[in-house]
Amino acid sequence: MEKDREKVQKKPVRLIAATCNNMGMGKDGTLPWSLPSEFQYFLNTITRVSRPGNMNLLIWGRLCWNSHPENIFPLANSLHVVLSKTLSSVPDHAHFLCQDFESAVRLAAQPPLSGIIETVWILGGTQVYEDALKHPWCDLLYLTDVMADFDCDVFFPDFDRELFKLQETFPDVPIEIQEENGIRFKCQVFKKKTDDTM
Ligand SMILES: NC(=O)c1ccc[n+]([C@@H]2O[C@H](COP(=O)([O-])OP(=O)(O)OC[C@H]3O[C@@H](n4cnc5c(N)ncnc54)[C@H](OP(=O)(O)O)[C@@H]3O)[C@@H](O)[C@H]2O)c1
């Protein structure tokens with residue numbers, strides 16, 4: 001038991017999502033909007049590593065995984081975990097299947113992956129984000145504000161904006177409001193207060 005604990009290497013757990021005015025983020029199993037440059041920002045963010053050979057672990061809910069076009073795979077510097085209690089085998093292009101959130105995070109924190117994983121990225125949907133917001137290793141929430149109304153059937157969970165503080169600027173995150181297809185959006189980062197900053 002003591003030996004197992006020694007082997008755990010804590011990894012940053014970070015969420016990334018885009019939400020519109022009512023915190024909606026999905027409709028009919030897909031995104032409610034078409035914002036290719038925001039999607040490219042998402043891909044750039046989740047695949048960024050600080051040195052060659054390092055990887056990120058990407059955690060997807062089953063429906064989220066299914067909603068992504070196959071042509072985005074393989075994604076650079078990425079290992080994919082799909083969460084599902086009903087699937088019995090790892091889906092094409094994914095690397096792992098887990099039945100609960102903590103097992104997925106632990107994959108990144110223990111050998112053999114702990115030596116190469118930099119960041120655990122949480123890609124949704126709702127339940128997966130809820131689990132991640134509560135996780136003690138969660139430190140950042142990348143949340144693009146899509147400044148428009150869309151009809152949605154899936155929503156980002158409520159989160160404590162006193163605990164997660166909006167950053168005025170953040171490395172590799174554009175500061176200016178952008179516009180595409182007539183839709184304005186702003187890339188934002190919320191940082192979780194630590195015991196030192198509370
Ligand atoms: N705008 C954005 O940034 C954004 C981000 C993410 C998603 N979305 C949108 O949101 C929708 C998909 O999200 P969703 O919330 O409906 O579904 P989802 O979380 O992607 O998938 C739900 C399924 O994932 C599995 N699952 C989730 N949490 C789990 C856990 N803790 N342990 C084990 N299995 C777990 C379960 O699969 P089983 O039923 O197989 O057990 C569950 O039925 C899509 O419309 C997508 O486009 C948008």
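Ala, Val, Leu, Ile, Met, Phe, Trp, Tyr, Cys and Pro count here as nonpolar, Asp, Glu, Lys and Arg as charged, and the others, Gly among them, as polar. By that scheme, the shell around the ligand holds 12 nonpolar, 11 polar and 5 charged residues. This is a predicted model: local features need pLDDT of at least 70, side-chain atom pairs count only at pLDDT 80 or more, and totals for chains, interfaces and linings use all residues. Residues are numbered from 1 along each chain as its sequence is written, and side-chain values use heavy atoms, with hydrogens and water left out.

**The ligand and its shell**

- The ligand is surrounded by 28 residues. A residue counts as near if one of its heavy atoms lies within 4 Å of the molecule.
- R62, C64, S84, K85 and T86 are the closest of them.
- The ligand sits in the largest pocket. A pocket is an open set of points on a 1 Å grid over the protein atoms alone, where a 1.4 Å probe fits, with protein on both sides within 12 Å along at least five of seven lines. A molecule sits in a pocket if more than half of its atoms lie within 2 Å of the pocket's grid points.
- Helices (H or I, at least four residues) and strands (E, at least two) are DSSP runs, numbered from the N terminus.
- The largest share, 5 residues, comes from α5.

- An N or O atom in the side chain of R62 lies 2.5 Å from an oxygen atom of the ligand.
- The backbone also takes part. A polar backbone atom of A18 is 2.8 Å from a ligand oxygen.
- At G125, a backbone N or O atom is 2.9 Å from an oxygen atom of the ligand.
- On its own, the ligand has 920 Å² of accessible area, and the protein covers 84% of that. Accessible areas come from the Shrake-Rupley method with a 1.4 Å probe.

**Backbone geometry**

- Most residues other than glycine have a negative phi, and most peptide bonds are trans.
- The bond joining F73 and P74 is cis, with omega about 0°. P74 is in the loop between α3 and β4.
- The peptide bond from G124 to G125 is cis too, with omega near 5°. G125 belongs to the loop between β6 (117-122) and α5.
- D172 is not a glycine, and its phi is positive, near 65°. D172 lies in the loop between β9 (164-166) and β10 (178-180).
- N181 is not a glycine either, and its phi is about 50°. N181 sits in the loop between β10 and β11 (183-186).
- D172 is exposed because its relative accessibility is 53%, and N181 is exposed at 55%. Buried means under 20% relative accessible area, exposed over 50%, and partly exposed in between (1.4 Å probe, protein chains only).

**Side chains that reach backbone oxygens**

- H68 is in the loop between α3 and β4 (78-83). With a relative accessible area of 17%, H68 is buried. A polar atom of the H68 side chain lies 3.0 Å from the backbone oxygen of C64.
- S78 is part of strand β4. S78 is buried, at 4% relative accessible area. Its side chain has a polar atom 2.7 Å from the backbone oxygen of A76.
- K193 is in the segment after β12 (189-192). K193 is partly exposed, at 27%. A polar atom of the K193 side chain is 3.4 Å from the backbone oxygen of E162.

**Sequence distance and space**

- K193 and L163 are 30 residues apart in sequence and 5.5 Å apart in space, C-alpha to C-alpha.
- G53 and P69 are 16 residues apart in sequence and 26 Å apart in space, C-alpha to C-alpha.
- G53 lies in the loop between α2 (36-47) and β3 (55-61). G53 counts as exposed, at 52% relative accessibility.

Note on methods. Polar contact = N/O pair within 3.5 Å; in protein donor to acceptor, adjacent residues only side chain to side chain. 1 Å grid on protein atoms, 1.4 Å probe; cavity = no way out; pocket = protein on both sides within 12 Å on 5 of 7 lines; lining within 4 Å.
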